[in-house]
Amino acid sequence: TGGGADKDKAADKKGSSKAEPGRDNLIVIHVCDENRGINRDFTCRKDVLLSEMAYFRSYLNGSESCEDIDISVHCDIQIFQWLIKYLNEPETPPPLDTTNVISILISSQFLKMQKLVDLCLQFACANVNEILKMPIDLNCLNQDLLTKLSEMLSVDDLEEINDRKDKLLSRIYMRKLEALFTHEGNVMERCCYCGKLFASKDRCKTVCPKAKIFIDFHGNVIAEHAPSR
């Protein structure tokens, strides 16, 4: 992908009178990889950036000439090269694997590439045990991504996850618990009679051994938990 700019320069030197199709619509993105100490330019069509990388819309909307646009990004060169290839070659996109999916997920979320975010999440859920074996710091996953993973993984799926170092599992369970408590009736309360915890929605289904007993109109014996006030 980075070679496209070099080909354009070569064509200029030869003085070709024919403009390449869509060349006036190309945006040059300057990428700085500080970890590797490498700078490289990538090109992508403006309409593709606008539709697929929502992060750049505020920079590109209203700009008529691509020559007036100067975009610089601080990113891993290999990851950004993968992203540009994904945009420029939609018919034959580069593959995701357990070594790159987390980095691509983080970058695609930052660049607001929602389709790719969803694709990465699906891949991560399907290959979570293999990803956990990799020397990857999963603390880079923010709350939004953790919530989406918790929604996609069932409790049965979580039971199958082997996460000895607890790089991810406890945080997924936490998101699931938080989601449960947002639903009305799932609030946990402590009984003022026996001191046990109970869910508000299950109050009428459970029996408190220390509650005051009374008989309802149907002759049923009632001994319900009562929330502490």
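## Two loop residues with positive phi

Asp-166 sits in the loop between α9 and α10 (helices, H or I of at least four residues, and strands, E of at least two, are DSSP runs numbered from the N terminus). Its phi is near 50°, a positive value in a residue other than glycine. With a relative accessible area of 39%, Asp-166 is partly exposed (buried means under 20% relative accessible area, exposed over 50%, and partly exposed in between, with a 1.4 Å probe and protein chains only).

Lys-112 is another non-glycine residue with a positive phi, here about 60°. You will find Lys-112 in the loop between α5 (101-110) and α6, and its relative accessible area of 51% makes it exposed.

## About the model

Please keep in mind that this is a predicted model, in which local features need pLDDT of at least 70, side-chain atom pairs count only at pLDDT 80 or more, and totals for chains, interfaces and linings use all residues. Residues are numbered from 1 along each chain as its sequence is written, and side-chain values use heavy atoms, leaving out hydrogens and water.

## The chain as a whole

Ten helices and seven strands make up the secondary structure elements of the chain. Of its 229 residues, 36% are buried. Among contacts (heavy atoms within 4.5 Å) between residues at least 6 apart in sequence, 54% join residues at least 24 apart.

## A buried leucine

Leu-121 belongs to helix α6 (residues 114-126), and it counts as buried because its relative accessibility is 1%. Beyond its neighbours within four places in sequence, Leu-121 touches Leu-105, Leu-145, Lys-148, Leu-149 and Met-152. Val-101 is 20 residues away from Leu-121 in sequence, and their C-alpha atoms are 8.6 Å apart.

## Patches on the surface

Leu-177, Leu-180, Phe-181, Met-188 and Leu-197 form a nonpolar surface patch of about 470 Å². Patches take residues with over 30% relative accessible area and no salt bridge, joining like charges within 9 Å and nonpolar side chains (Val, Leu, Ile, Met, Phe, Trp, Tyr) within 5 Å; a salt bridge is a side-chain nitrogen of Lys or Arg within 4 Å of a carboxyl oxygen of Asp or Glu. Helix α10 (residues 169-181) gives the largest share of the nonpolar patch, three residues. Met-188 lies in strand β4 (residues 188-190) and is partly exposed, at 40% relative accessibility.

A patch of negative charge gathers Asp-156, Asp-157, Glu-159 and Glu-160 on the surface. Glu-159 is in helix α9 (residues 155-159) and counts as exposed at 57% relative accessibility.

How values were computed:
Accessible areas come from the Shrake-Rupley method with a 1.4 Å probe; for residues, only the protein chains shown count as cover. Lys and Arg count as positive and Asp and Glu as negative; His and the chain ends are not counted. The place of a charge is taken as NZ of Lys, CZ of Arg, CG of Asp or CD of Glu.
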